[in-house]
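Me: Please take a close look at the side-chain contacts in this model. I would like one connected account, with the criteria behind each term.

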Amino acid sequence: TGLGFLELVTDDNIIALADPNDMDGDGISGVPNWIELPGFISPRPGAISKNGKYIHRFGKKAAAYNLLHQTVNAYNQDIGITSIFAPSDVYSGLDTDPEVSNKTIHDVVFYLQTLKAPIPRRQTNPEVIKGKELFIQTGCESCHRQTLKTGPSSIEPLSNKTFHPYT
């Protein structure tokens, strides 16, 4: 849940959170994953390019740019279903007719974009409070931010919202 919110965190914000040389000395040297876009993906408004590459943020090692890219990869690589975006059968390597429609892909993307952000449970529970304190004290929050903000979106309920992903 909350993937639509993560999709809308601006590149500027991600770059500001990066610390490739561990300048703050906390032992964390996180960096964005810059990769070329596949042909069926257009850069989001305000996206930052570095030598023709863009910040990816979903999937293993942040290999997918946005939820369309992640959904296409999941259909193709996880369950072996081809689409117009990824026509190559993952098992045979041969191109096949699309097994899922563009409409279905886009419907799944919209569904993923509009799932609410996770709601913290039992916030007053002493064990939960202790866990949160430990999370911060051990430095997990250096990478796995408690609070982020989305940029603008055509989906108004997601636009410029503060959320708490503990990424």
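Aromatic pairs, salt bridges and their setting

Reply: Phe163 is buried, its relative accessible area being 4%; buried here means under 20%, exposed over 50% and partly exposed in between, with a 1.4 Å probe and protein chains only. The model is predicted, so to speak of local features requires pLDDT of at least 70 and side-chain atom pairs count only at pLDDT 80 or more, while totals for chains, interfaces and linings use all residues. Residues are numbered from 1 along each chain as its sequence is written, and side-chain values use heavy atoms, with hydrogens and water left out.

Three aromatic pairs are found in a search of the whole structure. A pair requires ring centres of Phe, Tyr or Trp (its six-membered ring) within 6.5 Å; planes under 30 degrees apart count as stacked, over 60 as edge-to-face and the rest as tilted. Phe163 belongs to one of these pairs: its ring and that of Phe5 have centres 5.2 Å apart and planes at 40°, so the pair is tilted. Helices (H or I, at least four residues) and strands (E, at least two) are DSSP runs numbered from the N terminus. Phe5 is buried as well, at a relative accessible area of 10%.

Another pair is formed by Phe40 and Phe85, whose ring centres are 5.1 Å apart; their planes stand at 45°, so this pair is tilted. Phe40 lies in the loop between strand 1 (33-35) and strand 2 (49-50), and Phe85 in the loop between helix 3 (67-79) and helix 4 (102-113), so parts 45 residues apart in sequence are tied together. Phe85 is buried at 19% relative accessible area, whereas Phe40 is partly exposed at 25%.

The charged contacts come next. There are three salt bridges, defined by a side-chain nitrogen of Lys or Arg within 4 Å of a carboxyl oxygen of Asp or Glu. In one, Asp11 meets Arg44 at 3.5 Å, N to O. Asp11 belongs to helix 2 (residues 11-17) and Arg44 to the loop between strand 1 and strand 2, 33 residues away. Both Asp11 and Arg44 are buried.

Asp11 also forms a salt bridge with Arg57, at 2.9 Å, N to O. Arg57 lies in the loop between strand 3 and helix 3, and Asp11 in helix 2, so this contact ties together parts 46 residues apart in sequence. Arg57, like Asp11, is buried.

Asp107 and Lys103 make a further salt bridge, with the closest N and O atoms 2.7 Å apart. These two residues both lie in helix 4, four residues apart, about one turn of the helix. Asp107 counts as partly exposed at 42% relative accessibility, and Lys103 as exposed at 58%. Through shared partners, salt bridges join Asp11, Arg44 and Arg57 into one network.

Arg44 has an aromatic contact too: it lies over the face of Tyr65, 4.1 Å from the ring centre. The criterion places NZ of Lys or CZ of Arg within 6 Å of the ring centre and within 35 degrees of the ring normal.
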